[in-house]
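Hi,

Here is the structure I promised to pass on.

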Amino acid sequence: MKRMKLDRRALIVTVATVVLAGCQIVPKTTRPGPSPGTTPTPMPSETALPSDDTRHRIALLVPMSGDNGAVGTAIANAATMALLDTNASNLRITTYDTATGARNAAARAIADGNKLILGPLLADNVPAIVAEARPAKVPMISFSNDVSVASADTFVMGHIPGQSITRSVNYARQNGRSNFAAIIPDGEYGQRAEQALNSAVQANGGKVVTTERYNRGNTSIVSAAQRLKARGGYDTVLIADGSRLAALAAGELKPGGRGEALLLGTELWSGEAGLTRTSAMRGSLFSAVSDARFKRFADSYSTRFGAQPYRIATLGYDSVLLTLNIAKDWRVGRSFPVAALRDSGGFIGLDGPFRFQRSGVIERSMEVREVRDGDIVVVSPAPATFGD
């Protein structure tokens, strides 16, 4: 496995300049991206970047304004930190604000000579960016968790909900659980959670005995839990929602913590301190990437930028580490070596080991956590390598 350096360096170092140029991204919707050929290819912007003979040009496409501006800014700040912490001098990362048009952002990035796109944040931006990047043979590493946008030149780096569910199901089966049920919200997230559960249970020789669906809301999830409890026949229940609604369902399934059913959550439970305050949630399991390095990252981020980072900001940091790792064998001015992303040994970042599958979807090493009285404990550590 290739290791990406995580050394903490002094803030005042000579590093590649991070240029915050204008361009844009938009929130996720169900609308398709604009059709190719409707936007003329722009000439380099008035603030065109100077020639680089020793640095790779990398475009970071995230929202720096609008509804998702704070998240995009955190990702951009984390990318800056990665350059500082590694004392990198061979990358020029230019950030394009995508809040008013993803395709325009991509067009400007291509015109400015960038050879790799990091981003976008949201899946609905991908088709518009692909329309500009693919003809120019510029690949992208998206921060989305939507596996449907992955392709030969589009890699998905976000935390995939289905992988969290699969890890928890594997652990439950290893510990004797065999009959699974689920409480699933309507909508895209619920559909993917249900698919992941069915696939993982089948692969492990278990059985999904019943599933209840609900519209996301307090009353609806409680009714779903009551229907599920009345039907019975299960020893394990996946509740595919955040901790607040999950606690309401748990109160029906295991009032006061009483009952033999094992409750499973998803990655949505990660970082939710309120989990430990509900007795019905005690003994529940969920899986997520390790937080072992996140606190140090968050403390450093707070010192540098005066605020706490969004959890997703680590994607900005790790994408830069990944690029630096590959840049060791990448000649300046040449196309990005896409094949290097598919190293079977994987890479290591703040969120632990990861690698890209042939589909372009990331595979992450996850740990299993148990909710206890006042605490959340790791009961199965994340594997250190993909051979473990």
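Below is what turned up, going from strands to rings to pockets to backbone.

First, the ground rules. This is a predicted model, so local features need pLDDT of at least 70 and side-chain atom pairs count only at pLDDT 80 or more, while totals for chains, interfaces and linings use all residues. Residues are numbered from 1 along each chain as its sequence is written, and side-chain values use heavy atoms, with hydrogens and water left out.

**Around β14**

Let's start with strand β14, residues 352–356. (Strands are DSSP runs of E with at least two residues, helices are runs of H or I with at least four, and both are numbered from the N terminus.) Of the 5 residues in β14, 4 are buried; buried means under 20% relative accessible area, exposed means over 50%, and partly exposed is in between, with a 1.4 Å probe and protein chains only.

β14 pairs with strand β13 (residues 347–349) in the antiparallel sense, over 3 bridges; two strands pair if DSSP finds at least two bridges between them. These two strands form a hairpin with 2 residues between them. β14 is also joined to strand β15 (residues 362–364) by 3 bridges, again antiparallel. That hairpin has 5 residues between the strands, and G360 there takes a positive phi near 95 degrees.

(The rule for that: NZ of Lys or CZ of Arg within 6 Å of the ring centre and within 35 degrees of the ring normal.) F354 counts as buried because its relative accessibility is 0%.

**Aromatic rings**

How many aromatic pairs are there? The count comes to 9, where rings of Phe, Tyr and Trp (its six-membered ring) pair if their centres lie within 6.5 Å, and planes under 30 degrees apart are stacked, over 60 edge-to-face and the rest tilted. One of them is Y301 with F305: the ring centres are 4.8 Å apart and the planes are at 50 degrees, so this pair is tilted. Both residues lie in helix α8 (residues 294–305), 4 residues apart, which is about one turn of the helix. Y301 is buried at 4% relative accessible area, whereas F305 is partly exposed at 31%.

F354 comes back here, in an edge-to-face pair with F356, at 6.3 Å centre to centre and 80 degrees between the planes. F356 is buried too, with a relative accessible area of 4%.

There is also one aromatic cluster made of F294, F297, Y301, F305 and Y317. The charged end of R311 sits over the ring of F294, 4.4 Å from its centre.

**Pockets**

The largest pocket has a volume of about 800 Å³. (On a 1 Å grid over the protein atoms alone, a pocket is an open set of points where a 1.4 Å probe fits, with protein on both sides within 12 Å along at least five of seven lines, and lining residues have an atom within 4 Å of a point; points are joined across faces, edges and corners, and the volume is the space filled by probe spheres set on them.) Its lining has 25 residues, and N145, H159, E267, L268 and I312 lie nearest its centre. The largest share, 3 residues, comes from α5. By class the lining has 12 nonpolar, 6 polar and 7 charged residues. (Ala, Val, Leu, Ile, Met, Phe, Trp, Tyr, Cys and Pro count as nonpolar, Asp, Glu, Lys and Arg as charged, and the others, Gly among them, as polar.)

The second largest pocket has a volume of about 650 Å³. Of the 28 residues that line it, G162, Q163, T166, R167 and E363 are the closest to its centre. α4 (161–174) gives the largest share, 7 residues. The classes here are 9 nonpolar, 13 polar and 6 charged.

Most residues other than glycine have a negative phi, and most peptide bonds are trans. The bond from G119 to P120 is cis, with omega near 10 degrees, and P120 is in the loop between β5 (116–118) and α3 (126–133).

N87 is not a glycine but has a positive phi of about 55 degrees; it lies in the loop between α1 (69–86) and β4 (91–97). K137, also not a glycine, has a positive phi of about 60 degrees and is exposed, at 65% relative accessible area.

Cheers
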